[in-house]
Each structure stands twice: as C-alpha cells, then as structure tokens.
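Work through the exercises below with the structure open. Try each task before reading its solution.

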Amino acid sequence: MSTTFHEDVSSNVLMRMKEGGFDFARVHPIEFYAVFPDKEQALSAASNFRGESVNTQVSPRDDGAWDLQVSKVMYATFEGIGAFEQDLEDLVEPLGGVVDGWGVTQELSGCHA
C-alpha cells in the first residue's frame with residue numbers, strides 16, 4: 001500500500017477525531033495492526049516490541065491468518081502515528097506481514113447508560 005494512501009487515511013481519521021472532541025492533550029493507547037500468514041511469524045514480530053508503554057497481542061483469524069496488535073501509549077499526532085506505522089511496516093514486511101491500519105478508543109464524557 002502506498003505511503004500517500006496511509007497519510008490520507010490517517011489525516012482523515014485524525015480530522016474526524018478532532019471534530020468528535022477527542023482529547024489530543026493527553027496520551028492514549030493507540031492500536032496498530034498487522035496480518036501474518038502464520039502464528040510463528042506474528043510471534044516473531046511481537047517479540048520485537050518491549051517496554052512499559054507497548055503491549056502486543058497475537059490472535060488467529062477466521063481465514064487462517066494471524067493478527068498482531070501492537071498497543072502503544074502515545075500522543076495521537078499525525079507525525080507520531082506515521083512514524084510508528086512506518087517502523088511497524090519495516091519490521092513486519094520481511095516476516096511476511098502486512099500493516100493493517102491503526103485505531104484508538106475515544107472516551108465519551110458525560111454519557112450515562
């Protein structure tokens with residue numbers, strides 16, 4: 001996938017987050033995703049991420065492939081997300097993986113169930 005496509009998607013998501021009142025002034029756990037053809041490759045990629053602000057999870061998919069989720073506590077900035085996504089791509093591609101986007105959960109304040 002082209003860098004321009006990733007940049008367009010990320011900038012659109014960040015714009016919608018801003019419109020929705022997302023709190024960019026504090027850090028959030030941001031999830032980055034990659035897909036691998038087998039478990040061993042996904043686990044190998046996951047083993048490259050260590051630190052108190054990073055968490056990884058590997059899980060099977062219905063189609064036989066494996067998902068890698070890397071959660072990093074960081075500020076939600078275009079530059080920071082783009083840099084981490086590029087680092088992830090550089091790591092997963094040699095292992096047969098493909099970057100599959102990113103996401104963040106927005107906390108809604110003042111809502112009652």
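**Exercise 1.** In this predicted model, find what the side chain of Ser10 is joined to by a polar contact. Then decide whether Ser10 is buried or exposed.

*Solution.* 
- Start with the place of Ser10: helix 1, residues 3–19.
- Look at its side chain. A polar contact of 2.8 Å joins it to the side chain of Trp102.
- Next, list the neighbours. Leaving out residues up to four places away in sequence, Ser10 touches Phe78, Ile81, Glu85 and Trp102.
- Now check the accessibility. Ser10 has a relative value of 5%. The cut-off for buried is under 20%, so Ser10 counts as buried.

**Exercise 2.** Which residues of helix 2 are buried, and what covers them?

*Solution.* 
- The buried residues include Ala42, Ala45 and Ala46.
- Look down the axis of helix 2. The buried residues fall within an arc of 100 degrees, so they line one face.
- Their cover includes strand 1 (28–36), strand 2, strand 3 (66–74) and helix 3.
- Finish at the start of helix 2. There, a side-chain oxygen of Asp38 comes to within 3.2 Å of the backbone nitrogen of Glu40.

**Exercise 3.** How many aromatic pairs does the whole structure hold? Describe the pair of Phe22 and Phe24, then that of Phe49 and Phe84.

*Solution.* 
- A search of the whole structure gives three aromatic pairs.
- Take Phe22 and Phe24. Their centres are 4.9 Å apart, with 65 degrees between the planes. Planes over 60 degrees apart count as edge-to-face, and this pair is edge-to-face.
- Compare their accessibility. Phe22 is buried, at 7%. Phe24, at 30%, is partly exposed.
- Take Phe49 and Phe84. Their ring centres are 5.9 Å apart and their planes meet at 45 degrees, so the pair is tilted.
- Phe49 is in the loop between helix 2 (39–46) and strand 2 (54–60), whereas Phe84 is in helix 3 (residues 78–92). The two are 35 residues apart, and the pair links distant parts of the chain.
- Both Phe49 and Phe84 are buried.

**Exercise 4.** Step back to the whole chain. In what order do the elements run from the N terminus?

*Solution.* 
- Count the elements: three helices and four strands.
- Read them in order: α-β-α-β-β-α-β.
- Check burial. Of the 113 residues, 30% count as buried.
- Turn to contacts between residues at least 6 apart in sequence. Of these, 71% join residues at least 24 apart.
- End with the surface. The accessible area is about 7100 Å², and 51% of that belongs to carbon and sulfur atoms.

Methods. Residues are numbered from 1 along each chain as its sequence is written. This is a predicted model: local features need pLDDT of at least 70, side-chain atom pairs count only at pLDDT 80 or more; totals for chains, interfaces and linings use all residues. Side-chain values use heavy atoms; hydrogens and water are left out. Buried means under 20% relative accessible area, exposed over 50%, partly exposed in between (1.4 Å probe, protein chains only). Contact means heavy atoms within 4.5 Å. Accessible areas come from the Shrake-Rupley method with a 1.4 Å probe; for residues, only the protein chains shown count as cover. Rings of Phe, Tyr and Trp (its six-membered ring) pair if their centres lie within 6.5 Å; planes under 30 degrees apart count as stacked, over 60 as edge-to-face and the rest as tilted. The arc is that of the directions from the helix axis to the C-beta atoms. A polar contact is a pair of N or O atoms within 3.5 Å; within protein, one must be able to donate a hydrogen and the other to accept it, and residues adjacent in sequence count only if both atoms are side-chain atoms.
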